[in-house]
Each structure stands twice: as structure tokens, then as C-alpha cells.
Amino acid sequence: MIGGLLRPPNLLVPITTPCCDAHHGTTSGSFLTLGVKLRNLSAPAVCLDAYPQRVINPWIVTCSVMLATFMEVLDTTVVNVSIPHIAGNLASTNEEGTWVVTSYLVSNAIVLPISGWLANHVGRKRLLLACVAGFTITSFLCGMAGSLTQLIIFRILQGLTGGGLQPLAQAILLETFPKERHGHAMAAFGIGILLAPILGPTLGGWITDNYSWRWIFYLNLPVGVLSLFLMNRFVFDPHYVKRGDGKVDLWGIGLLALGIGSLQIVLDTGQRKDWFSSQYIRTFTVLCVFGLVALIIRELMTDHPVVDLRVLKNRSFSAGVFLIGMLGFVLYASLVLLPLYLQTLMGYPAYNSGLALSPRGIGALLFTPLAGHLTTKTDPRRLLAVGIVLGSITMFQLSGLNLYAGFWDIFWAQILQGVALSFLFIPLMALAMARIQPEKMGNATSIFNLMRNIGGSVGIAIMTTFLARRTQMHQNHLVANITPGSPQALRMLQGMRANFYAHGADSVTASRKALAAMYGMVQQHASMLAFVEAFWIMGVVFLLMLPFLPLLQYAKKKRVPQPAPKLQRLPANSVPQPQVKPEPVDDQVLEEEPHLVIH
């Protein structure tokens, strides 16, 4: 029997209805106050244990999950500028110090795709709390490391514990906000994902220069503790997240670790090892191909896959996964190439080169909320087209740089690129996840974030290799023009020799310094030409995303008129029985009728 006054659907509704009591083995009627909308009267009774009374502001949940996620993404780039300091402090070479970054990326990439499966197996909230606690503890251990071997081991553990934070946070935000506000949810997620890798080099350089590289890791401790408290208080598992049946796809986990781990090692160390001329790279390439091919076959055949690849049957999601890989390619490659250009050719120190990237964060911070709002109001594919065009314009602007470029030449291009990334990430994430069922959301976000990271690793590997090879080619072409028979080269050489001689060098030393200075100019111009070509190629990569936009499906929202309840005038002594027509859509709510009393 339903009693009480019908209230607006956004208020708590007191109802009495049969409730399944699994603990007592009985079905009883009780008067319960639920923080849910009142459904139509013809809906079947449900077990109210799945809908506890929790009315939580979604923005509190957003802050809870994004604090730790921001720090985890930040740790992918914050250590990069500190590698020379870490290597020197721990008595190792720079080559060995790069494993501090590689070890984290490898372990992070292994955990990313299985985080959805782990959430269903052990519970999402429990996994989230374990990830944050583990990430915080291993951050402390990284700061306390006394040798490079200890630091690498702790970084592996840090990547394993923090790898699940990104997909879990994205899944929670998509479930916390209603579908019509998914744009706002992805805007909140995008601010953390976009700002963290941009601020990482600047923050890492400042902390290392003013304090110690160990404080890069200690910075995670207060944020981790605060995030743990908020998550424990405000994050809850949805009713459809059920514990696994105990079956674990050990073969799938092993093949995943082999394939993804080997791929990350190849991409991260390929350029330093001269790619396939190294037996080391050839070995890991074979392991990568074997692991990934066997993983695909295994996951498509087993009934309990650790990574459910069947979600890629959704055309919009598979197109979104491909596009986020291309977007990660450009984003992370540009985050590496532009600081290299500023440091090697323009003479910027590490901290100032990081500051030169900060305008990109400003543009993203200002326009991400707007992109999230527009995503809910218009066709997101239009916003994607705008973002792609703006992104290509910024890369073509950077391809026009030269050795005399100033700070403002880079500033405005970075502002525009931040705006472009806002109009790319937010609509793309909303469109890719729009048709994913809630119970598959964790698995889908795992694959989505994995492809963004792999796209970034591929972009960094390809563009750094391209930069090195094109620099060598341009150097050969420029050197060919510097011959004893070239009058321009002879005049420049004589002028440099005279300058060094005038500053106190003898004739032999002046000649050697003049030749060295001329060779340095050749190298500088060869590198500049390679950077110009690299930025131009990334602009073309942006434009190549345009033909894939029609593959993303967008369903326009249609308002279905709701029939008003029909009321009958009954005699004064009779019991009123409302004649409510069953509504065709389960999610529709009864309209508010202030004078309708149901006994």
C-alpha cells in the first residue's frame, strides 16, 4: 500500500513496499525513505537493499576521485626533468636513470586494461581505496629509496597500484552524473587528465631546483590521505557491480603482462637502443607480438575474459578508442618535442621550458568547462571538428618557428592548443561512452585510457626517432654546402677566426674554434629544420582525424510527452482509487500533482 502525499520527483519519497530481505529469508512490508525517484505504479517491486538512502552531491564525488587521479597522471611526467639529479644522487648514469620512468610506464600500462575486471572481482570501492592507499605508500617508499634499484622496484609498485585510478575515476563520474550531464562529468575528468601532464615538468623542475627530487614523491602523501578520507565517505558501489564468481583468467593476465609490458619497453627504449639493430629490441618485439596476438585469441574465446574485447563491437566506442589513440599521439609527442626545442635550440633551462608550456594548461582550464557545457547542448561531433581544426592550426604555427622565435610566438600557439584539446577530449569521451551499458563501463574506460597512453607512447617513440633521423639527414645536406670552394663559407670562417683572434686566442686555436662554431651552427640549423617538419607532421595527424568523425554515433534527445494522471470524483465515503495509466518508459516519473492524495 502506498501512502502519503506525492512530492516532486527530486525529493525524498516516503513509501511502503515489499522488500527482499536476503539476510532474514523473508519478505516483509516496511515504511522506507529512499533517496530515489518514484517510478510508475506498474513497475515491479525491487529489492531496496540495492538502493540505500544516500543523497550525495556529484561534485563532492568528483573531487574525491579526481584528487588521487590527478597525482597519478602527474607522476607520469613530473620525474622526467629530474632524471639527471636522481642519477647523480644515486650514483648511476642518465641511461640507467631513465628506467625510473620506464618502469612506472610499463607497470601502469599492464594494470590499466584489467582495472574494470578487478573492480568487478573485488568491488569497485574496495579496489579504489586499495589503489589510493598503495599509491600513497609506494610514493613514500620512492622518496626514501637509497639506491637506484630500490627506486625502480618502488616505481614498479607505484605504477601497479596507481594504474587503475584513471579508468575507475572515469567510470565513477559517468555513473554519478546522469546521461544528459555526461559532458560536465567528462569536463571535470578532462581538467585533471589534461593539466597533469602539462604541469608535471614545470612542477618537477621547480621542486628539484629548490628542494630535492625526493619531494616529488612526498608531495603525493597529503593528497593521498585526503583522497582516501573523501572516497571512504562519499563513494559507493552501484548495485550492478557484483563480486566475481572466483574464476580468474590467469592466462589472460599473463599474456596481457607479456604483450603490453614488452610493447612499452620497445617504445620507451627503442631510440636509445637504435631500434631493430639491437638484439634487445628484436627480442622484446617478438614477445610483444606473440603476447598481444595470443591475448586477443584468448579473450575472445574464454567465458570470463580479463579484458572484454567484445565491447569494441560498439561502433561509436571503437571509433572513439581509435581517435583517442591518435589524440594521445599528438598530445604526448608535442609535450616532449616543444621542451626539447626550447632547451636545445633556444637555451631555456628546464624550469623555464616547463613554464613555456603552461599557457596550454591555461587554455584548457578556461575552456574545458565550456566544452563540457556545449557537449550537452549540441552535437559533440561539431565540437570535435572545431578542436581538430584548431589543433592543426597550432601545429602549423609551431612549424613556422625559427631560431629567433620569442616567448610570445610560443605563448599564443599554446593557448590555442589548450582550447583545441578541451574541444577534443571532452566531446570524444562523452560520445565514446554514450552507448556503453553501465555494468560494462569499467571495462570500457580501461580500454579507452589504455589506448590513450599507448598512443602517447607510440607518438613519443615515432617523433623522437623522426627528429633524430631527419636531423642527421639535414646535417649531411648542409655540410655538403660548406666546402673550400664556397665563398660564403670562407668569408664566415675568416670572420669567426678574426673574432676569436681578437679576443686573445692564437691563430691555431682561433682556427679550431671557428671550425667548431661553424659546425655548431650547422647542427643547430639541421635540428631546427627537423623540428619544423615534426610539428608539420603532427598538424597533418590532426587533420587525418576528421574523416573518422562520422563513425561516432550521436542520438538526438527527443522529449516524450507524459500523459497526466486521470482523476475520478468519487462519493465522499468511498475509498479513492487513482486510475494511473502505465507509462511506456521505465525512467519516466509521475508529474507533480499537489492535490492528488493516494492512500
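Leaving aside its neighbours within four places in sequence, with which residues is asparagine 453 in contact? In this predicted model, where local features need pLDDT of at least 70, side-chain atom pairs count only at pLDDT 80 or more, and totals for chains, interfaces and linings use all residues, asparagine 453 is in contact (heavy atoms within 4.5 Å) with Asn108, Leu112, Gln166 and Tyr332, its neighbours within four places in sequence being left aside. Residues are numbered from 1 along each chain as its sequence is written, and side-chain values use heavy atoms, with hydrogens and water left out. Asparagine 453 is placed in helix H18, residues 441–479, and is buried at a relative accessible area of 18%, where buried means under 20%, exposed over 50% and partly exposed in between, with a 1.4 Å probe and protein chains only.

The protein chain has 20 helices and four strands, which are DSSP runs numbered from the N terminus (helices H or I, at least four residues; strands E, at least two). Of its 599 residues, 48% count as buried.

A pocket here is an open set of points, on a 1 Å grid over the protein atoms alone, where a 1.4 Å probe fits, with protein on both sides within 12 Å along at least five of seven lines, and lining residues have an atom within 4 Å of a point; the volume is the space filled by probe spheres set on the points, which are joined across faces, edges and corners. Among the 46 residues that line the second largest pocket, Asn80, Val336, Leu340, Ile460 and Thr464 are the closest to its centre. With nine residues, H18 gives the most to this lining.

The structure holds four salt bridges, each a side-chain nitrogen of Lys or Arg within 4 Å of a carboxyl oxygen of Asp or Glu. In one of them, the side chains of aspartate 274 and arginine 469 meet at 3.3 Å, N to O; this pair links distant parts of the chain, 195 residues apart, with aspartate 274 in the loop between H12 and H13 and arginine 469 in helix H18. Both counts as partly exposed, aspartate 274 at 43% relative accessibility and arginine 469 at 39%. Another salt bridge joins arginine 470 and glutamate 533 at 2.7 Å, N to O; because arginine 470 lies in helix H18 and glutamate 533 in helix H20, the pair ties together parts that are 63 residues apart in sequence.
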